[in-house]
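Student: I've got the sequence and the model open side by side. Could you walk me through how the pieces pack together?

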Amino acid sequence: MIRLTAREFRTQAIVALGALVIAAIVLAITGARLTHLYNTTVANCKMNGDCSTATSLFLSTDSGVQGTLDFLMIVIPGLIGIFWGAPLLARELETGTYRLAWTQSVTRARWLAVKIGIVGVSSLLATGLLSLMVTWWFGPLDRVNMSIFGSFDQRSIVPIGYAAFAFALGVTCGALLRRTLPAMATTLVGFVAVRLVIFAAVRPNLMAPLHRTVINTVIAHPTFTPDQGTLPANAWVLSDQTINAAGNVIGQNGSINGGTILSPGATGLTIQGVGTCPGIAPPTPGTGGVGPALQTCVDNLHIRDVLTYQPSGRYWPFQVYELAIFLTLALILVGLCFWWVRRRII
Amino acid sequence: MSAVLETSALAKRYGRRWALSDCTLKIPPGLVVGLVGPNGAGKTTLLHLAVGLLAPTSGAITVLGDRPAKGATQLGRVGFVAQDTPLYAGLSVADHLHFGAWLNLGWDERLAQRRIEQIGLDPRQGVRELSGGQRAQLALTLAVAKRPELLILDEPLSSLDPLARREFLQNLMESVAEHQLSVVLSSHLVSDLERVCDYLIVLVSSHVQVAGEIEGLLASHHRLTGPRRDLGTLPGSQEIIEATHTDRQSTLIVRTDQPILDPSWTVEQIGLEDLVLAYMGRAASIRGSRPAFLRVQP
């Protein structure tokens, strides 16, 4: 049975292996260059004085490869579900060859176990290897980018969970629908739906988020742009609400509701819903900075930002939790498949 | 030796439709059994129950004394050629032999090779290029080379031309003789089965109409022709299968184990085909599926 499945899966396995080898070569070459670039520009930019140019230049290096890799990491688990999972049973049921396969001297349960075992484990291995390479390749970029939660889905171990779930979903859809194309379509829809739900509704609440209140400060002229304050490094900010002295919410993400809140003029500054700084002349355009008198006045209005966020230290617990969620879903689906194939099919 | 196939009140339902009901059979070993009935009668359902592809809704079934598809051993004792002989479209003839070898402990590679040679198949040929006859022969090879005790074939002849039919049946009978196989094969044509079968099951509208050894069936069924008469006057030992009347004459097909003593009847032997048709006709009229206008007397 193992040899049979290996024979059936041979072509797909060779294609996947070939793609992985090509990816490995490309990533090894460009990745080495990227590390070198990081060491020579960003790592010692403080000594040279101009860090912002160095980082922005560095972050746009190999942007084509960056985009491709991020895209691949998002779609590959889905493709595995569609092209390896869905046809696994659907094709046998659709073409009628299950009647041949299930009347040989191999029980249905064993037949299914070997099929799911070999193709499923290959799916996990392929995704895991690719994720390992991609995570390594992005290492220097992620260090500079300071947004580890922004690329949460495309790095580390969660892609393995996505692949396991997509594969199991594909197999299940194939068993239930018994036709390849509808099974593929359902797998795609189901996979995207579950990913979105977990991303939007479950992941932010895996652990109770933290809150931090920061003083809002005037930072720019000629428009009054409140500063979000100092964000915790690499944190995943779930919400950022601006409040006034009374604690009422007056804005989101650093801006204040009610449009432009600068009413400059010789008479002073009015901040809607907050208060005024009368008689303080705004600084002359072009000089940059803010006059100390205006700054003191704004500070006295007690505009603050309340940040709700997940700290960077929760990256790995979150990776483990989300992997566990998707692996559990995959196991439930595999169990359903076994039950269905042994007891229910026709 | 236990019965090859034994069922009691076996039934299978799909949704609200009964594909097979109240099926009670006991088939002794060492026979070639023909399962005949019109399309949609429930033949495939019965055979799929026997190989364990289906589970019964109610009733019981044992094959070679054990539950169908109970485990690898039981699966290995029954060879099956499914309807339309499913094969893996992407694989070659040789791949299919590997398939058989990998999935069956009792696989007889020499037998398989010999049969492929006999049929004249090129092992490298893809199964897409095979004719219907070649597909059927390859499927039969897969089923025989696992060395089963019972071979079940579902409409193996339906897609074959007359020459291929003859070759297939010849091939099948050789295997039966060589390995002392019991065989159950289904067909919607009696003529296919007449030459090879020892035992016949007539299945119509999900019910078994009659089952028995062909010799015994032919000996116990007679066509009676005589002056028109009321059917109520027949002895109770005679079961009427079919009755047709003209103004003056009655023609009956009856089943009886007793000799027919009434001298007013002309008694004739009946062929297997007529016998089966009589049972099919009776089943159709009982079920009311015959159009009503045929029953209105002028």
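This is a predicted model: local features need pLDDT of at least 70, side-chain atom pairs count only at pLDDT 80 or more; totals for chains, interfaces and linings use all residues.

Student: Which residue ranges make up domain 1 and domain 2 of chain B?

Tutor: Chain B is split into two domains. Domain 1 covers 5–204, and domain 2 covers 216–295.

Student: And how many residues does each domain of chain B bring to the contact?

Tutor: On the domain 1 side, helix 7 (190–194) and strand 8 (199–204) of chain B each supply at least two residues. By class, that side has six nonpolar, one polar and one charged residues. Counting both sides, domain 1 of chain B gives eight residues and domain 2 of chain B gives seven.

Student: Which residue is the bridge partner of B:Gly34 in strand 7 of chain B?

Tutor: Strand 3 (residues 32–36) and strand 7 (residues 182–187) of chain B run parallel and are joined by five bridges. Within strand 7 of chain B, the partner of B:Gly34 is B:Leu185.

Student: Over to chain A. How many residues of chain A and of chain B are in contact?

Tutor: On the chain A side, helix 1 (2–42) and helix 5 (98–101) are the elements that give two or more residues. That side has six nonpolar, seven polar and two charged residues. The contact as a whole pairs 15 residues of chain A with 21 residues of chain B.

Student: How many residues come from each domain of chain A where those two domains touch?

Tutor: Domain 1 of chain A is assigned as 2–206 + 316–344, and domain 2 as 217–302. The domain 1 side has four nonpolar, one polar and no charged residues. The contact takes five residues from domain 1 of chain A and four from domain 2 of chain A.

Student: Are helix 4 and helix 7 of chain A roughly parallel or roughly antiparallel?

Tutor: The axes of helix 4 (residues 63–95) and helix 7 of chain A come within 7 Å and cross at roughly 30°. Angles under 35 degrees count as roughly parallel. The contact residues divide into 21 nonpolar, five polar and no charged. The angle therefore makes helix 4 and helix 7 of chain A roughly parallel.

Student: What about helix 7 and helix 8 of chain A: are they oblique or roughly parallel?

Tutor: Helix 7 (residues 158–177) and helix 8 (residues 180–202) of chain A have axes that come within 9 Å and cross at roughly 140°. The crossing is right-handed. Among the contact residues are A:Leu169 and A:Cys173 of helix 7 and A:Thr187 and A:Phe191 of helix 8. With that angle, helix 7 and helix 8 of chain A are therefore oblique.

Student: Last one: are helix 1 and helix 3 of chain A roughly parallel or roughly antiparallel?

Tutor: Helix 1 and helix 3 (residues 51–59) of chain A pack at about 170°, with axes 10 Å apart. A:Leu37, A:Tyr38, A:Thr41 and A:Val42 of helix 1 meet A:Ala54, A:Thr55, A:Leu57 and A:Phe58 of helix 3. The class count there is six nonpolar, two polar and no charged residues. So helix 1 and helix 3 of chain A are roughly antiparallel.

Definitions and conventions:
Residues are numbered from 1 along each chain as its sequence is written. Chains are lettered from A and ligands numbered from 1 in the order in which they are written. Helices (H or I, at least four residues) and strands (E, at least two) are DSSP runs, numbered from the N terminus. Ala, Val, Leu, Ile, Met, Phe, Trp, Tyr, Cys and Pro count as nonpolar, Asp, Glu, Lys and Arg as charged, and the others, Gly among them, as polar. Domain bounds come from an automatic or database domain assignment. Axes are lines fitted to C-alpha atoms, for helices over the stretch in contact, and angles run from 0 to 180 degrees between N-to-C directions. Angles under 35 degrees count as roughly parallel, over 145 as roughly antiparallel, 65 to 115 as roughly perpendicular and the rest as oblique. A crossing is left-handed if the near helix is turned anticlockwise from the far one by less than a right angle, and right-handed if clockwise. Two strands pair if DSSP finds at least two bridges between them.
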